[in-house]
Amino acid sequence: MKRIGSSVFFVFAGMLCPGFLSAQSGLPFEIVEYRPAPGQFVDYTSFLQEDQRVEDLDNAQICAYLNAQCENLPFSYLISLGGFGGSITVRLKESLRNEEGADFKVYGNAFYDPAYTPALTEQPGGSAEPGIVWVSRDENGNGLPDDPWYELAGSMTDDTATVADYTITYYVPDSIGGDIPWRDSRGDTGRIARMDVHPQESYFPLWLASDSLVLSGRLLPANARLVTKPSGATQWVLFSYGWGYADNHPNNSELSDMDISWAVDAEGNPVELESIDFVRVVTAVNQQLDKGVGETSTEFAGVEPLARPSTGNEDAAVSRIRVWPNPCRDGFWCSLASGDAGAGQEAGLYDLSGRRVANLRLSVRPSYIDMENLPAGLYLLRVGRSHVKVLKK
Ligand SMILES: [Ca+2]
Ligand SMILES: [Ca+2]
Ligand SMILES: [Ca+2]
């Protein structure tokens, strides 16, 4: 779904940094690879120069076009990755060190529909089109993304409904302007359907393949639910997953922040990376919806390193526990800013009388603490000798 979910960042950047709007934007990233899956928002004709055919496009030319668009609309130009498996790869202009806590933000156009987000619950609803984020270090120093890649584990990585090794094959349709048929590794078939409002000649990235396009990766479960509005009409609502995904929570949410410490290898083991040079985002659901919605496609609007908070007078131990939102209503997310991504550390949530009301394990991967059944008031989240206050409204 293409919609400017939050234009706040664009206005903000434009006001503070007018230089952002010039050709030399100073954006912290550069697109180096674009490999979309078929989709309604991937209008390949926009990349074409005079007399050029889609089949003859090349990656360098497409990236030059996309980089120019990004510079004109910093963090607001939306690049659709198409259906499952479509991807974009960017090079960070400066290596990004893995510091304590989250390190960078991936911008998209996810938004919450106020009707489905009375508070931050585990699954706010609106438009969430989650993409899996991968990171890589330029180990051979050649400036190219040809080094080992590591997936950032997110809240759904180990979910039983997630498929670790999923492959989809998209076929060029018999008629170039037709729906795009696909078959997956489970034997299921379907189509990326054409939409009347997007009448471009083809939804298939013909420069990537002339016959069929095979894309693989981790498949997250479908996240849309058909809900009935008070008027009786029905509508698809796409619910956000917990954390760790692109285009899954609004840009101004901490839940669109990424931590390099979430990196895992192909076996799912945590990997310690000192720094990264490349980020890749891949559409992670395979979902086709009716009612004019179409396929679910992750949108990408940029990557930005997070500003580092000052550590002046903070208690270093306390700053290692991250809690958000705080104050909270139904629950909160918490993580350790550094440490072991695997086992984690034992932690407890205490009420003001000192009663332990919840046990949990805290690691660099966020945990969600459900507060729905607890009375409003002040709580202490304690890890070892460190603690933070959490206020339930
Ligand atoms: Ca980090
Ligand atoms: Ca390299
Ligand atoms: Ca989106």
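Predicted model: local features only at pLDDT ≥ 70, side-chain atom pairs only at ≥ 80, totals over all residues.
Local features were considered only at pLDDT of at least 70 and side-chain atom pairs only at pLDDT 80 or more, whereas totals for chains, interfaces and linings use all residues. Residues are numbered from 1 along each chain as its sequence is written, and chains are lettered from A.

Helices (H or I, at least four residues) and strands (E, at least two) are DSSP runs, numbered from the N terminus; two strands pair if DSSP finds at least two bridges between them. Strand β4 (residues 104–107) is joined to β22 by four bridges, with Phe104 opposite Pro305.

In helix α2 (residues 59–72), Ile62, Leu66 and Cys70 are buried (20 or more other C-beta atoms within 10 Å of the residue's own; exposed, 12 or fewer; C-beta atoms are placed from the backbone). The face turned away from this buried side carries the exposed residues Ala60, Ala64 and Ala68. The buried residues of α2 pack against β1 (29–35), β2 (79–80) and β22, contact requiring C-beta atoms within 7 Å.

A nonpolar core is a set of buried Ala, Val, Leu, Ile, Met, Phe, Trp, Tyr and Cys residues joined through C-beta atoms within 7 Å. The largest such core has 80 residues, and Val90 is among those with the most contacts inside it. Strand β18 (residues 275–283) gives the most to this core, with five residues.

Technical notes: Contact = placed C-beta atoms within 7 Å.
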